[in-house]
Amino acid sequence: MSEDRPMKERIALITGASRGIGRAMAVELARRGAHVIAVARTEGALEELDDAIRAASGGRGATLVPLDITDGAAVDRLGAALYERFGRLDALFLNAGVLGENAPVGHIDPDKWEKTIATNLTAPYRCVRSFDPLLRQSVAARVVFVTSRAGRHCKPYWGGYAVSKAGLECLAKIYAAECGTTTNIRVNILNPETSAIYCFWFLTIHYSLLVIHCFYSPSFFSR
Ligand SMILES: NC(=O)c1ccc[n+]([C@@H]2O[C@H](COP(=O)([O-])OP(=O)(O)OC[C@H]3O[C@@H](n4cnc5c(N)ncnc54)[C@H](OP(=O)(O)O)[C@@H]3O)[C@@H](O)[C@H]2O)c1
């Protein structure tokens, strides 16, 4: 393992890689040597990400996957395709999310509720379902669920988003317990919120530290 590329030959899949936190994480992991599989719906933004990854990693490109993660059958097909191509997955960053509608519970539009739960909770479950066999082929797999403090605070008007993140944390803990010590999979929950409220440069440093923490330390939950 080289000093400047500690993630060399590691394969990392990031959902919601086209912008924001997922994009920053994708570039950072590539800079550290990982081969990034970048998932999002916006093709143009994924292509721009590929340029940024090449610039950060000395010319090595990413695998771009334009995909709606709420399409469970497509997520299953991706799992099969990745098995064919790579045979394993070393890191899974379940980051894609939507805010949904901030409104009193009785006023939330049912379609927006469904979309929020589908994106923030059901899609991560479908990803775990499809990629767990690949993670089990890794010598040291890491799974990161991106949450929000909204999931714990139950604040008024945060309806679908807060419920989805509370469910996501529960899902992560259950999966971590199931992985236990008998597999090479370690599961983490990451809340980027506090950093994001402050400034971008601090946020960038913070994410770099979190990358190190999530991928090189024992899991918060897996024993
Ligand atoms: N930013 C914050 O302050 C903050 C605080 C707490 C928690 N978080 C959490 O951190 C994560 C990332 O937040 P962010 O601020 O970076 O979000 P963002 O800038 O809005 O980016 C969201 C990402 O998710 C992708 N995405 C959304 N729906 C998708 C779908 N159906 N299929 C595939 N990709 C989809 C988007 O890509 P496309 O539109 O191209 O598909 C985009 O890449 C979220 O889970 C969020 O809840 C963020």
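Glutamate 9 counts as exposed, with 10 C-beta neighbours inside 10 Å; exposed here stands for 12 or fewer other C-beta atoms within 10 Å of a residue's own, buried for 20 or more, and partly exposed for anything in between, with C-beta atoms placed from the backbone. Glutamate 9 sits in the segment before β1 and, although not a glycine, has a positive phi of about 65°. Most residues other than glycine have a negative phi. Cysteine 154 is another non-glycine with a positive phi, in this case about 50°. Cysteine 154 belongs to the loop between α5 (150–153) and α6 (159–179) and is exposed, with 11 other C-beta atoms within 10 Å.

The model is a predicted one, so local features need pLDDT of at least 70 and side-chain atom pairs count only at pLDDT 80 or more, while totals for chains, interfaces and linings use all residues. Numbering starts from 1 along each chain as its sequence is written.

As for the overall layout, the chain has 8 helices and 6 strands. Both kinds of element are DSSP runs numbered from the N terminus, helices being H or I with at least four residues and strands being E with at least two. Going along the sequence, the pattern reads β-α-β-α-β-α-β-α-β-α-α-β-α-α. Of the 223 residues, 43% are buried. Taking contacts between residues at least 6 apart in sequence, 70% join residues at least 24 apart; a contact means that the two C-beta atoms, placed from the backbone, lie within 7 Å.

On to the sheet. The 6 strands form an open sheet in the order β3-β2-β1-β4-β5-β6, with parallel pairing; strands pair if DSSP finds at least two bridges between them. At the edges are β3 (63–66) and β6 (185–190), each of which pairs on one side only. Neighbouring strands are turned against each other by 15° on average, direction ignored. Strand β1 (residues 11–15) pairs with β2 in the parallel sense over 5 bridges, and threonine 15 stands opposite valine 39 in β2. Strand β2 (residues 35–40) is mostly covered, with 6 of its 6 residues buried. That goes for both faces: His35, Ile37 and Val39 are buried on one side, and Val36, Ala38 and Ala40 on the other. Elsewhere in the sheet, β4 (residues 91–94) and β5 (residues 141–146) pair in the parallel sense over 4 bridges, with leucine 92 opposite valine 143 in β5.

Next come the helices. Helix α4 (residues 110–135) lies across β1, β4, β5 and β6 and runs at about 175° to β4. Such angles run from 0 to 180 degrees between N-to-C directions, and the axes are lines fitted to C-alpha atoms, for helices over the stretch in contact. Helix α1 (residues 20–31) packs against helix α2 (residues 43–57) at an angle of about 30°, with the axes 8 Å apart. The two are therefore roughly parallel, a label for angles under 35 degrees. The crossing of α1 past α2 is right-handed, which means that the near helix is turned clockwise from the far one by less than a right angle. In this contact, Arg23, Ala26, Val27, Ala30 and Arg31 of α1 meet Leu49, Ala52, Ile53, Ala56 and Ser57 of α2. These residues divide into 7 nonpolar, 1 polar and 2 charged, where Ala, Val, Leu, Ile, Met, Phe, Trp, Tyr, Cys and Pro count as nonpolar, Asp, Glu, Lys and Arg as charged, and the others, Gly among them, as polar.

Terms used. Angles under 35 degrees count as roughly parallel, over 145 as roughly antiparallel, 65 to 115 as roughly perpendicular and the rest as oblique.
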